[in-house]
Amino acid sequence: MSPSRYGRSTLARTVSPPRRDHHGGSSPAWLLMQAAQLSWEIRNILQLINGMRLNLSEELHVYREACDMLLNAAHATAIMEARLPLAPAWGSGPPRVRSIFAQAREAGTDPAEVRPDVDLFQPRIDPQIAREVEATYREDPDPHAQCAGATVKKERCAKTIVKGIGSAHCAVHLAPAERQRRDELRAAEDRRAQTITDARDEHQVELAAAWIARYGTRPHRLEQPAAPSRSRQVAPFDGCSGLTLGEDEQAMLALYDSGWPSLCPRSAEIIRALLDCPRATIGRLAELAAAQAPERWSRGEQWLQSDIWDGIRPPDLALPRLGQAPELDEHPAVQELRRHMNASQGRYEVWQTGFKSLVEACDDPAIDTMADLLAFWQDLGILVPDGHEADATIWRLAALPPSAWRVIYARGRFVPSHVLGTALDWLLEGETPQDPDISPSEVFNVLLTSAKPPNPEGSIAPAQTAS
Ligand SMILES: [Zn+2]
């Protein structure tokens with residue numbers, strides 16, 4: 001056993017374990033410190049959002065304890081990493097955290113000598129404010145001293161003195177000078193407390209911003225937009241059209257029923273813009289869509305020119321190819337990560353191939369940008385004209401947008417049969433809602449007739465006379 005170290009060091013040493021242990025595996029100490037760090041962040045985020053949508057006081061209570069335990073565990077691992085002297089363990093197997101502290105105490109080790117590399121928030125107090133408190137504060141020789149004042153009955157006052165101002169009296173019997181000093185101390189302490197509260201609030205807001213950056217703007221988004229609730233209130237628009245608000249809402253629901261939102265990439269962005277403004281020019285829609293993600297687009301024009309797969313294409317992670325780093329490949333976390341990446345890539349490729357063939361089967365030009373996608377919706381009659389504004393057409397959702405089945409039924413005979421087959425297979429696999437008027441088998445029959453000469457009419461459906 002090494003000689004005991006007594007005395008508290010005022011400056012604890014931060015222990016930051018390497019990410020990997022000497023066998024090349026991930027370091028448990030490092031991972032534990034990351035867990036403690038994350039736990040600390042979660043605690044602060046919970047404090048920040050408590051009372052906004054939910055009362056989280058019970059959760060906060062439980063979480064504070066859990067967070068403190070993890071911070072203790074990180075501290076214990078720092079003691080072990082720093083190889084501070086420890087008394088021999090009483091049992092075999094991995095010790096508990098409290099056993100490490102007990103072993104340290106038994107060996108005379110001061111646990112405060114080290115601290116884990118966890119970035120806990122320490123409010124920095126303005127030295128001026130700290131000095132104000134110091135200047136007003138007076139150490140009491142006996143903080144429990146009895147008041148020197150007397151009661152109205154001329155008896156000695158039984159209360160204890162006001163602490164921290166060098167007073168000889170209780171709050172009732174304070175001399176004017178003592179009273180002034182007490183008020184000054186209170187004011188200085190209030191200012192210090194306010195500074196700490198402000199700094200903590202600021203820290204929590206910064207943490208929330210870091211979380212949003214970390215989790216909220218992930219480039220890889222495959223989630224489908226949620227259908228609007230049937231009772232959703234649509235924002236009012238100018239009444240020139242003479243239509244009721246309910247019609248736009250109905251049109252939105254009809255769009256969802258048609259299945260187009262889940263067939264087209266990034267349709268959620270168009271839908272949100274239309275929910276904000278159900279009748280708009282393409283330029284206005286683009287501005288609204290761009291405004292939803294100011295960190296991605298600064299202007300509507302930029303949004304219009306953006307790739308339809310932007311944010312859907314899985315990110316390129318700098319992970320060595322399978323087999324390049326065998327010891328890495330064996331790591332369960334890396335295997336899990338590869339599984340996720342492969343699944344994401346697979347989903348993306350299926351969607352991309354399916355959508356491409358669908359567009360081709362609709363006899364439309366390839367779609368690369370959001371502007372192309374909007375043109376596609378206009379061409380199919382999903383978006384229909386609704387008047388003019390200056391030189392631009394105002395668009396709205398069709399009351400009854402044509403289903404993908406209907407479009408292919410009308411136009412599919414002009415495209416190569418293998419494209420048609422791929423598109424129809426994709427529609428079936430994706431469980432695209434069926435068209436009540438045309439069964440999938442009728443649409444598949446188009447395959448048999450697709451060798452026919454082009455039909456110059458090529459109209460989509462009798463129901464589509466909205467324009
Ligand atoms: Zn008194």
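Guide: A residue is called buried if 20 or more other C-beta atoms lie within 10 Å of its own, exposed if 12 or fewer, and partly exposed in between, with C-beta atoms placed from the backbone. This is a predicted model, in which local features need pLDDT of at least 70, side-chain atom pairs count only at pLDDT 80 or more, and totals for chains, interfaces and linings use all residues. Residues are numbered from 1 along each chain as its sequence is written.

Visitor: Is Arg83 buried or exposed?

Guide: Arg83 is exposed, because 9 other C-beta atoms lie within 10 Å. Its phi is near 55°, a positive value in a residue other than glycine. Arg83 is found in the loop between helix H2 (57-81) and helix H3 (97-106). Helices (H or I, at least four residues) and strands (E, at least two) are DSSP runs, numbered from the N terminus.

Visitor: What is the phi of Lys154, and where is this residue placed?

Guide: Lys154 has a positive phi of about 65° although it is not a glycine. Its place is in the loop between helix H4 (127-136) and helix H5 (176-216). With 6 other C-beta atoms within 10 Å, Lys154 is exposed.

Visitor: How many bridges join strand E3 to strand E4?

Guide: Two strands pair if DSSP finds at least two bridges between them. Here five bridges join E3 (residues 383-389) to E4 (residues 392-397), and the strands run antiparallel. His388 stands opposite Thr393 in E4. The two strands form a hairpin with two residues between them, and Ala390 in the turn has a positive phi of about 50°.

Visitor: How are two packed helices described?

Guide: By the angle between their axes and the distance between the axes. Axes are lines fitted to C-alpha atoms, for helices over the stretch in contact, and angles run from 0 to 180 degrees between N-to-C directions. Helix H14 (residues 404-411) and helix H15 (residues 417-429) pack at an angle of about 165°, with their axes 11 Å apart. H14 is therefore roughly antiparallel to H15, a label for angles over 145 degrees.

Visitor: Which residues of H14 and H15 meet?

Guide: Two residues are in contact if their C-beta atoms, placed from the backbone, lie within 7 Å. Ala404, Trp405 and Ile408 in H14 meet Leu420, Ala423, Leu424 and Leu427 in H15. The residues of this contact divide into seven nonpolar, no polar and no charged. Ala, Val, Leu, Ile, Met, Phe, Trp, Tyr, Cys and Pro count as nonpolar, Asp, Glu, Lys and Arg as charged, and the others, Gly among them, as polar.

Terms used: Parallel < 35°, antiparallel > 145°, perpendicular 65-115°, else oblique.
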